[in-house]
Amino acid sequence: MRQKIVAGNWKMNKTLEEALTLTAELKGMVAAEVKGSVRIILCAPFPYLVPVRNLLGQDSGILVAAQNCSEHEAGAYTGEVSAAMLKSIGMPYVILGHSERRQYFGEDGKVLAKKIDAALKHGITPIFCCGEPLEVRENNGHEALVKKQVEEGLFHLDNASLEKVVIAYEPVWAIGTGKTASSQQAQDMHSVIRKHLASKYGQGTADGIPILYGGSVNAANAKELFACPDVDGGLVGGASLKSREFTEIIKSMVDV
Ligand code: PGA
């Protein structure tokens, strides 16, 4: 069975004090039985990774992860954070290729393939994001574009490496807009991605890769999205900043 995952992407939000308040609330609200069946990940800004992780402690069942890392190993890259640094503070996951990184920071398939390699080299699981802008979907180019993104970012990997990756399908038109993909649209794209993985890596490998949906997931729509056979969880932005709502979303993943 594929790992069920609900990851909160805090993006560039909250002061340290606010981040710790949210963390403490979540720690108290997410019940033990929920933590066992769903992997819960908080993708916090770099300066909060260690304090948030320390507040959660060893047995909270909630993991902390980064939102990006450098493609470079080390050196004169002012302002960057390497995968080796993330490893050295014990980060198990890193988001790579979020559409905001692609759009505002010019990250393309080539650089993302290098970032994927950097993360895997240090034993960090990449949460690799893909997804099409609105005009691409309106022109019916979404399947081709997402397949291309997956090829560019991941298809250089061998089976053993690919099996360490998590994918997040996040249609750009659904991110932060309140406009969620319908469960049918999500299922269709997740199935396209899985079939594409199967075409290169075989069905067995493709069947083991968790594919998360992201884009305006909230407490009201999570259950229906998570019930889709190829949707293995969510990457949640805005709604992950509110402890009660994020807890409801996590709970939606438990019963499916
Ligand atoms: P959203 O963001 O839930 O606020 O739409 C999702 C994401 O960008 O990961």
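How are helices H6 and H8 oriented to each other? In this predicted model, H6 and H8 are oblique to each other, a class that takes in whatever angles remain once those under 35 degrees (roughly parallel), over 145 degrees (roughly antiparallel) and 65 to 115 degrees (roughly perpendicular) are set aside. Helix H6 spans residues 109-121 and helix H8 residues 142-154, and the two pack at an angle of about 50 degrees with their axes 7 Å apart. Axes are lines fitted to C-alpha atoms, for helices over the stretch in contact, and angles run from 0 to 180 degrees between N-to-C directions; helices are DSSP runs of H or I with at least four residues, strands are runs of E with at least two, and both are numbered from the N terminus.

Gly 109, Ala 113 and Ile 116 of H6 meet Glu 152, Gly 153 and Leu 154 of H8, contact being defined by heavy atoms within 4.5 Å. By class, this contact has three nonpolar, two polar and one charged residues, where Ala, Val, Leu, Ile, Met, Phe, Trp, Tyr, Cys and Pro count as nonpolar, Asp, Glu, Lys and Arg as charged, and the others, Gly among them, as polar.

H8 also packs against helix H10 (residues 183-201), at an angle of about 45 degrees and with the axes 10 Å apart, and H8 and H10 are therefore oblique to each other. The residues that make this contact include Val 146, Val 150 and Leu 154 of H8 and Val 192, Ile 193 and Leu 197 of H10; the contact as a whole divides into eight nonpolar, two polar and three charged residues.

The axes of helix H1 (residues 16-29) and helix H3 (residues 49-56) come within 10 Å and cross at roughly 30 degrees, which makes H1 roughly parallel to H3. Leu 16, Leu 20, Thr 23, Ala 24 and Lys 27 in H1 meet Pro 51, Val 52, Leu 55 and Leu 56 in H3, and these residues comprise seven nonpolar, one polar and one charged.

Around the ligand there are 13 residues, of which Lys 11, His 98, Glu 170, Gly 176 and Ser 216 come nearest, a residue being near if one of its heavy atoms lies within 4 Å. A polar side-chain atom of Glu 170 lies 2.7 Å from a ligand oxygen atom, while a polar backbone atom of Gly 237 is 2.8 Å from an oxygen atom of the ligand.

Residues are numbered from 1 along each chain as its sequence is written, and side-chain values use heavy atoms, with hydrogens and water left out. As the model is predicted, local features need pLDDT of at least 70 and side-chain atom pairs count only at pLDDT 80 or more, whereas totals for chains, interfaces and linings use all residues.

Conventions. A polar contact is a pair of N or O atoms within 3.5 Å; within protein, one must be able to donate a hydrogen and the other to accept it, and residues adjacent in sequence count only if both atoms are side-chain atoms.
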